[in-house]
Amino acid sequence: MKFLLKSSISALYHTKWKDCISRLSVSTWSPLATAFNTRPGRKLNFGAAISNTGLFNLPELRSHEGFYELQNRAIQDSERLIAESQDPKRSRKMVAIFDELSDTLCKVADLAEFIRIADPRPDYAQAAEDACVSISGIVEKLNTDRNLYSALRNTVDNSDKFSTTLVDNHVSRLFLFDFEQCGIHLPEAQRQRVVHLNDTILQLGQRFMSGAVTPRIVSKSVIPESIREYFTVEGEHIVVSGVFGDSPNPLAREAAYKVFFCPDQQQEIIISELLRLRYELARTCGFPTYGHRALKASTAETPSMVMEFLNTLGGELKKHTDDDFKTMAEMKRSDSSFNTSLCPWDTAYYTQVAKRDWLQVGSSEFSPYLSLGSCMEGLNTLVNKLYGISFVNDPVETGEVWAEDIYKLAVTHEEEGLLGHIYCDFYERKGKPNQDCHFTIRGGKELPDGSYQNPIVVLMLNFPTPRWSSPSLLTPGMLENLFHEMGHAMHSMLARTKYQHVTGTRCSTDFAEVPSVLMEYFAADPRVLASFARHFQTQEKMPDDMLTRLCASKHLFAASEMQLQVFYSVLDQVYHGAHPLERSLVDTLAELQNKYYGIPHVPNSAFHLRFSHLVGYGAKYYSYLLSRAVASWIWYQYFEQEPLNRHSGERYRRECLAHGGGKPSRELVAQFLGKEVTPSNLVYSLVNEIYKKRRTIEKLRNRKC
Ligand SMILES: [Zn+2]
């Protein structure tokens, strides 16, 4: 019965796929654009029995039970590799053994983690979850294996018996550092304490994250009757599940902000404890603060460098942010009868208003020009011009993917051939996490026989499902997300690292967003956009005026938005500095907001209790700004003059992307840009960019007047 069902689906998709081919002859859409403007194709299986290739073409995963087979094999293989690491007659470098051990476990763990999250079938999701638990059990055991640790430590301290390269040494040190995160190098009592701290921090983190998004329920009487219509009323209560950034009513915005961010004793206790324990953890492991521990092996390297970067940036932004806030305050005054100053709940709203009134952006006029097919075609053109690479739509086999409507792209270089595969899980579906994400399913690495293990990644996005009447039409924001995530995917595809431990996106957090943010620059460039934005029905190109307005809309109030990010980053740094803090968390918040942000702290509000990134980033929230600074620098130095320049693309590929995390990122950036990575160099291009953006907006506004 099941087979029959699959057979009919397969046939149906093949018919549609054939449809696309025939339509191609009467239109000028490329095969790739056509493929993404219809639902994904399936290969037609001939013969009576339908062969199920298994998830990601792994024959074990023809059934969910295959996860048990995979995890058992991973256990056996890791035992063999551990034995090899202890063998005095081993015939290869220690780092190669460690990388294979890591690959053996990651291949199952990453795959299982993805399927656990993404697969709508309960049996697969459950088997994947079991595999995750089982693999993390093995990892925990390995983390306490002192013989394994000593073997690695010995080669790092006294060099390996085989000659090693800079990459070998760098990756060995990264492995060693990971090992020491669990305190294996410490006396037993301290090691036990580190294990306990890690556990407790993990649990507190989960509780804090869930508390950070929990709606606040208050008595109806708290909200004035005149604005109750804006809220969700449940009996005698009002449920506030977020701030009303877009609401035109200033009182409703204010009320939502104050209720949502009001102090919460439970959250306060959790986050205070979490920060205190992180500090203790760092001290136990020999670091001055948790920030020092988190920043080891990053581009910034030390908390003092991060603070200098943030302080310099904050100082340089000041002049521009004052203008932004003045403009918004004027808008507020002319907009309402309330003569109040600008408040934190106003900025998102007036940015929307400016988009609408100054640039006429916000209506649905753009989406028809941004069909998924034309955007994918745009990406294809871009990577083709920059790197000589093509995306080839490869219909999936029966059983290869976890849900309907998944596309598979073969990433192919004009001379080097196949580089890897990107599975595109692009459409909304029930139960799918509403978060755009790049997953590494299998990392690239050199294999012992000299061949290369090609990477496999999944891009997960949440675009509208195509309808009979139209393909998936993206908003400008979705277009930006698509380019961003594709930046991560290209990092994975083009990193030809020796080791999977440092493949593509497995680099320092503050460098990992560089390739993705750089892609946002391409997506916001009128010349690039003009190369692909075409109306899905008429194929008419997006008119110049629309292109200009769309690109400019990303520049609105960019300085004040960046200043807000500076403030959040400083908050994250200070919270992860030396403990006990000089003041309470909320007083620290107020002090930093008043110092770093143009709109003062609102008394009796506690933003930090909703700032869930404190958990996930932990002293690395600045990474986004730093990555943006590096991306901006790269853009202006290499691509702004000529975005589709092959020579620049090749250099960027060879000198940045190819290394993954195999080279310390600070060194990599400095060599590529020909300048030292200092706070002032980083800030220079960001601020210069803000200046240019303001000029563009001013010109457009004057034109309208
Ligand atoms: Zn990203």
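Me: Why is His320 called buried?
Reply: His320 has a relative accessible area of 7%. Buried means under 20% relative accessible area, exposed means over 50%, and partly exposed lies in between, using a 1.4 Å probe and protein chains only. Since 7% is under 20%, His320 counts as buried. Before we go on, this is a predicted model, where local features need pLDDT of at least 70 and side-chain atom pairs count only at pLDDT 80 or more, while totals for chains, interfaces and linings use all residues. Residues are numbered from 1 along each chain as its sequence is written, and side-chain values use heavy atoms, with hydrogens and water left out.

Me: Where does His320 sit, and what does His320 touch?
Reply: His320 belongs to helix 12; helices here are DSSP runs of H or I with at least four residues, strands are runs of E with at least two, and both are numbered from the N terminus. Not counting residues up to four places away in sequence, His320 touches Ala559, Val687, Ile690, Tyr691 and Arg694, where contact means heavy atoms within 4.5 Å. Arg283 is 37 residues from His320 along the chain, and their C-alpha atoms are separated by 40 Å.

Me: Why do Arg80 and Glu100 count as a salt bridge?
Reply: A salt bridge needs a side-chain nitrogen of Lys or Arg within 4 Å of a carboxyl oxygen of Asp or Glu. Arg80 and Glu100 have an N to O distance of 3.7 Å, within that limit, so the pair qualifies. As background, side chains of opposite charge can pair when their charged atoms come close. Arg80 is in helix 3 (residues 66–86) and Glu100 in helix 4 (residues 94–118), so this pair ties together parts 20 residues apart in sequence. Arg80 is partly exposed at 44%, whereas Glu100 is buried at 19%.

Me: Which other salt bridges are worth a look?
Reply: Lys432 forms one with Asp425, the closest N and O atoms being 2.9 Å apart. Lys432 is buried at 9% relative accessibility, and Asp425 is buried at 1%. Glu582 and Arg583 form another, at 3.5 Å from N to O. Here Glu582 is exposed, with 76% relative accessible area, while Arg583 is partly exposed at 39%. Salt bridges with shared partners also join Glu414, Glu416, Arg646, Glu650, Arg653 and Arg654 into one network. The count by this rule comes to 46 salt bridges.

Me: What makes strand 7 an edge strand?
Reply: Five strands form an open sheet in the order 4-5-6-10-7, with mixed pairing. Strand 4 (389–393) and strand 7 (437–442) each pair on one side only, which makes them the edge strands. The twist averages 25° from one strand to the next. Two strands pair if DSSP finds at least two bridges between them. Strand 7 and strand 10 (residues 456–463) have five bridges, so they pair, in the antiparallel sense.

Me: Which residues have the most contacts inside the largest nonpolar core?
Reply: They are Ile422 and Phe426, in a core of 165 residues. Helix 12 (residues 303–335) gives the most to this core, with 11 residues. A nonpolar core is a set of buried Ala, Val, Leu, Ile, Met, Phe, Trp, Tyr and Cys residues joined through side-chain atoms within 4.5 Å. Leaving aside neighbours within four places in sequence, Phe426 has contacts including Phe36, Leu372, Met376, Lys432 and Leu482.

Me: Why are the buried residues of helix 25 said to line one face?
Reply: The buried residues of helix 25 (residues 665–673) are Ser665, Leu668, Val669, Phe672 and Leu673. Seen down the helix axis they fall within an arc of 110°, so they line one face; the arc is that of the directions from the helix axis to the C-beta atoms. What covers them includes helix 16 (509–512), helix 23 (623–639) and helix 24 (646–655). After helix 25 comes Gly674, with a positive phi near 70°.

Definitions and conventions: Axes are lines fitted to C-alpha atoms, for helices over the stretch in contact, and angles run from 0 to 180 degrees between N-to-C directions.
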